[in-house]
Amino acid sequence: MKRDSLKSVDVLTSICLIVALALSTVNMITTPLIEKADEQSANAAYYEVLPEATEFEVVQTGELPASVVELKKDLGGSGYGVKLSTTSSYSQSPLVMILGVDNTGIITKLAVVNYAETKEVGNDFFSQFEKQDSTLNSVDIVAGCTFSSNAIINAVKDAYTAIFEYGNLEKSDEQKLEELMATIMPEAINKSGSYEFTPVTIETPAAGITGAYTSENDIGYIITGELNNKKLVIGINAFGYVYYCSDLDGNNLLNDSAYKEIIDAAAKTFEPLNKENDSRNQKSIKKMLSDSAKLELLDIEGINSSVASIYKVND
């Protein structure tokens, strides 16, 4: 009986060893095939996202932003392809994508190579990236897939960081301006969470003033200008005070006396709009109080936040 038991143990052990050896052998055979298939799929995706490309050459691997695996450029000069890999909080499987960016910095396409949750995010989300620049201002997250959406958006931002660092692509003035707007006025967001500024027509702009914008939520204004061969960006809070002035590269010029005149002119540009907002606000507040209420718009310097106005009320 004891011999039979020992024999059974020997048989089971032998079976386990054979199965383990077989699985190991299968893994050795299939792993290279899977890796090769993934590589072929990724290579095909490079031409899918940049259809005009003739031949890709690796620009950089290693020392790249966290989610960037590989940066390639088209030898024909049509743009760049970037392989991205990231994960969301709800998935252990990597999200692998190939991003195409043309030679002007505009996204041609974002293709998914591998991602289990693609259906949950939806193809409409990925199509939003087409024709976007590095600001990604018009890309909205998907309700119910916040972590996945943000993971994808952050990966694309990493791709641009790599392209600007290691490629020959330079940001356009428009891209620099949009990025600065988000930095100057981070509270200027619309209902979907995107930065939104509306261009304002200036009938008689002061010398050096080239453009004007108001935030969608009325918490400030941005003026663009040009002086001393520098293109300027000026931030004005909702109370009409200038709190920011720099060139398009972000160099601080706020306290530079050479730019005082244009800064003062920028502040005066929005005086009529401030009066219009004040009138509208007073009507709204009086509806909550009474028509006899006396409202005094406080003139407070130094506030730069989501506060659009402050009133002292006597009723």
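Two strands are taken to pair if DSSP finds at least two bridges between them. In the predicted model described here, strand 8 and strand 9 run antiparallel and are joined by eight bridges. Within this pairing, Gly-225 has Leu-232 of strand 9 as its bridge partner. The hairpin formed by strand 8 and strand 9 has two residues between the strands, and Asn-228 adopts a positive phi near 55 degrees there.

Strand 8 is also joined to strand 7, by five bridges and again in an antiparallel manner. Strand 8 itself is mostly covered, six of its eight residues being buried. Strand 7 is in turn linked to strand 6 through three bridges, the two strands running antiparallel. In this region Pro-199 lies opposite Tyr-213 of strand 7.

Taken together, these strands belong to an open sheet of five strands, in the order 6-7-8-9-10 and with antiparallel pairing. Strand 6 and strand 10 form the edges, each pairing on one side only. On average, neighbouring strands of the sheet are turned by 25 degrees against each other, direction ignored. Helix 6, comprising residues 260-269, packs on the sheet and touches strand 7, strand 8, strand 9 and strand 10. The direction of helix 6 makes about 45 degrees with that of strand 9.

Thr-214 counts as buried because its relative accessibility is 12%, the cut-off for burial being under 20%. When neighbours within four places in sequence are left aside, the contacts of Thr-214 are Glu-196, Phe-197, Thr-198, Val-200, Gly-220, Tyr-221 and Leu-273. In a regular strand, side chains alternate between the two faces of the sheet.

Helix 5 spans residues 173-184 and has 12 residues. From its first C-alpha to its last, helix 5 reaches 16 Å, close to the 16 Å expected at 1.5 Å a residue. Its buried residues are Gln-175, Leu-177, Leu-180, Met-181, Ala-182 and Ile-184. These buried residues of helix 5 pack against helix 4 (146-166) and against strand 6 (197-199), strand 7 (209-215), strand 8 (220-227), strand 9 (230-237) and strand 10 (242-247).

Note on methods: Residues are numbered from 1 along each chain as its sequence is written. This is a predicted model: local features need pLDDT of at least 70, side-chain atom pairs count only at pLDDT 80 or more; totals for chains, interfaces and linings use all residues. Side-chain values use heavy atoms; hydrogens and water are left out. Helices (H or I, at least four residues) and strands (E, at least two) are DSSP runs, numbered from the N terminus. The expected span of a helix is 1.5 Å times one less than its number of residues. Buried means under 20% relative accessible area, exposed over 50%, partly exposed in between (1.4 Å probe, protein chains only). Contact means heavy atoms within 4.5 Å. Axes are lines fitted to C-alpha atoms, for helices over the stretch in contact, and angles run from 0 to 180 degrees between N-to-C directions.
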